[in-house]
Amino acid sequence: MKKIMFAMAMCGMLVACSSTTEDTSSSEEVKKEETKPQEEKKENATQATAEAQPEESKSDETKKEETEKATTDSTKEDVATKEETDAKVKELEAKLKAQEEEAKAKQEALEKEQAEKAEADKKAREEEAERIKQEAQAKIDAANKKAEEESAKIEEEQQAQEEASSSNAAEMNKAEFDKIQNGMTVEQVAQIVGSEGEVNSETGAQGDQYYTVMYSWMGEGDLGANALVMFQGSPAKVIQKSQFGLQ
């Protein structure tokens, strides 16, 4: 009985061990099954990584080339921009220089114009001054000539009057003297004698109430015969007369 019991126990243990082994195997198989997708994923990832590395390397090279190209393009653009900037600066400098030269030319032209105008104005003033001087001199010469002519004319008239007075004074006679009356004017006496005679003295101004003038005539008769007639007033009239040696 004990042997049977022992055999049964052993069988049970074997069964248990077998079951445990089977369970363990099953568990390992399950784990393997569970691990298999992960391993596949890992292998796939590793393969993908391996495949991606050339692409990444290629991408890096592309990026590097693109970067170098961009740098080159940027450098070219910078060079082009600098050249363009330099060209613009030169163009601007040329324009500024042209403007400065134009402004300088205009300034010089303006100064020249002002100088020419000032010179022309000066010349015009000098010519005007010379013209005025010549006109003034011509007026002075004309005035002097006129004064000389008038002076000569006055001298001629005075000489004629003196000659006439001398001639007229010689014409007085006793009959003419007797015809002269107080109140007669100089003109009336001159009509009687034939001449006004020579003014011997004069007091006051003509036109005044007490203007007095004495006329004398040479007389016909004795040696030194003469006649004196005094006029006064306005018009002057005879107020007194005298004679010597008239015939």
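A charge is taken to sit over a ring if NZ of Lys or CZ of Arg is within 6 Å of the ring centre and within 35 degrees of the ring normal. In this predicted model, Lys-241 lies over the face of Phe-177. The distance to the ring centre is 4.5 Å.

The strands form an open sheet. It holds 4 strands in the order S1-S2-S3-S4, and the pairing is antiparallel. Strand S1 (198-203) and strand S4 (237-246) stand at the edges. Each has a single partner strand, so one side of each is left without a neighbour in the sheet. From one strand to the next, the twist averages 15°. Strands S2 and S3 run antiparallel and are joined by 7 bridges. Across from Ser-216 stands Leu-228 in S3. Helix H3 (residues 186-193) lies across S2, S3 and S4. Helix H3 runs at about 5° to S2.

Aromatic contacts were examined next. A pair of aromatic rings is described by the distance of the centres and the angle of the planes. The structure holds 2 aromatic pairs. In one of them, the ring centres of Tyr-215 and Phe-231 are 5.5 Å apart. Their planes stand at 90°, so the pair is edge-to-face. Tyr-215 is buried, at a relative accessible area of 11%. Phe-231 is also buried, with 0% relative accessibility. Ring pairs join Tyr-215, Trp-217 and Phe-231 into a cluster.

Methods: Residues numbered from 1 in each chain as written. Predicted model: local features only at pLDDT ≥ 70, side-chain atom pairs only at ≥ 80, totals over all residues. Heavy atoms only, no water. Phe/Tyr/Trp six-rings, centres within 6.5 Å; stacked < 30°, edge-to-face > 60°. Buried < 20%, exposed > 50% of the residue type's maximum accessible area, 1.4 Å probe, protein only. Pairing = 2+ DSSP bridges. Helix = DSSP H or I, 4+ residues; strand = E, 2+ residues; numbered from the N terminus. Axes fitted to C-alpha atoms, helices over the stretch in contact; angles between N-to-C directions. Contact = heavy atoms within 4.5 Å.
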